[in-house]
Amino acid sequence: MLREDDVVLIISNAPDTLLAKRMAHVLVEDGLAACVNLGQPGLSVYRWQNEIESAEEIPLTIKTTYGMHQAVVQTLARLHPYDVPEILVIPVIGGIASYLDWVREQTRSPGAG
């Protein structure tokens, strides 16, 4: 069972760089995430409504706490244009203590840090 202050990674994507930057800024400005990394565009291949589709997407790696993960998921779902956006919450089992503490400080309350 995760505690509220356990650090988690949230993996998502955006269909373009402009939206990816907007999502990142909203999450960090609102104190929901300590940091959001935008990756290089990549091709996603998937089945949608019985058809094989492909789309270029910008991967997002979001660092936050378990206590904030529901707010992050809701914000991403609100901002995302997809009917079924990729939003995965992954527990962090370790890391350098100073970085984990920094993530917790940044997400302690909206606008923190």
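**Note on the predicted model: helices, core and salt bridges**

1. R104 and D101 sit three residues apart in helix α3, which means about one helical turn separates them. Their side chains meet in a salt bridge, with 3.0 Å from N to O. A salt bridge here is a side-chain nitrogen of Lys or Arg within 4 Å of a carboxyl oxygen of Asp or Glu. R104 counts as buried at 19% relative accessibility. D101 is partly exposed at 39%. Buried means under 20% relative accessible area, exposed means over 50%, and partly exposed lies in between (1.4 Å probe, protein chains only).

2. Basis of the note. This is a predicted model, in which local features need pLDDT of at least 70 and side-chain atom pairs count only at pLDDT 80 or more, while totals for chains, interfaces and linings use all residues. Residues are numbered from 1 along each chain as its sequence is written, and side-chain values use heavy atoms, leaving out hydrogens and water. Helices (H or I, at least four residues) and strands (E, at least two) are DSSP runs, numbered from the N terminus.

3. The whole structure holds four salt bridges. R3 pairs with D5 at 3.5 Å, N to O. R3 also meets D6, at 3.1 Å, N to O. D5 is partly exposed, with 37% relative accessibility. D6 is buried, at 14%. What of R104? It is buried at 19% relative accessibility. Through shared partners, salt bridges join R3, D5, D6, D101 and R104 into one network.

4. T65. This residue lies in strand β4. T65 is buried, at 6% relative accessible area. Leaving aside neighbours within four places in sequence, T65 is in contact (heavy atoms within 4.5 Å) with E4, D5, D6, V7, V8, V103, R104 and T107.

5. Helix α3. This helix spans residues 97–106, and its buried residues are L100, V103, R104 and Q106. Their cover includes β1 (7–14) and β4 (51–65).

6. Helix α2. Which residues of α2 are buried? In this helix, residues 69–79, they are H69, V72, T75, L76 and L79. They lie on the same side of α2 because they cover an arc of only 125° around the axis. The arc is taken from the directions from the helix axis to the C-beta atoms. Q74 and R78 are exposed on the face turned away from the buried side. The buried residues of α2 pack against β1, α1 (17–29), β4 and β5 (88–91).

7. The core. The largest nonpolar core has 20 residues. Such a core is a set of buried Ala, Val, Leu, Ile, Met, Phe, Trp, Tyr and Cys residues joined through side-chain atoms within 4.5 Å. I10, M23, L27, V36, I62, V72 and L76 have the most contacts inside it. β1, α1, β4 and α2 each supply at least two residues of this core. The largest share, six residues, comes from α1. L76 touches I10, S12, M23, L27, I62 and I87, not counting residues up to four places away in sequence.

8. A surface patch. L43, V45 and I52 form a nonpolar patch on the surface, with about 330 Å² of accessible area together. Patches take residues with over 30% relative accessible area and no salt bridge, joining like charges within 9 Å and nonpolar side chains (Val, Leu, Ile, Met, Phe, Trp, Tyr) within 5 Å. Accessible areas come from the Shrake-Rupley method with a 1.4 Å probe; for residues, only the protein chains shown count as cover. V45 lies in strand β3 (residues 42–48). V45 is exposed, at 57% relative accessibility.
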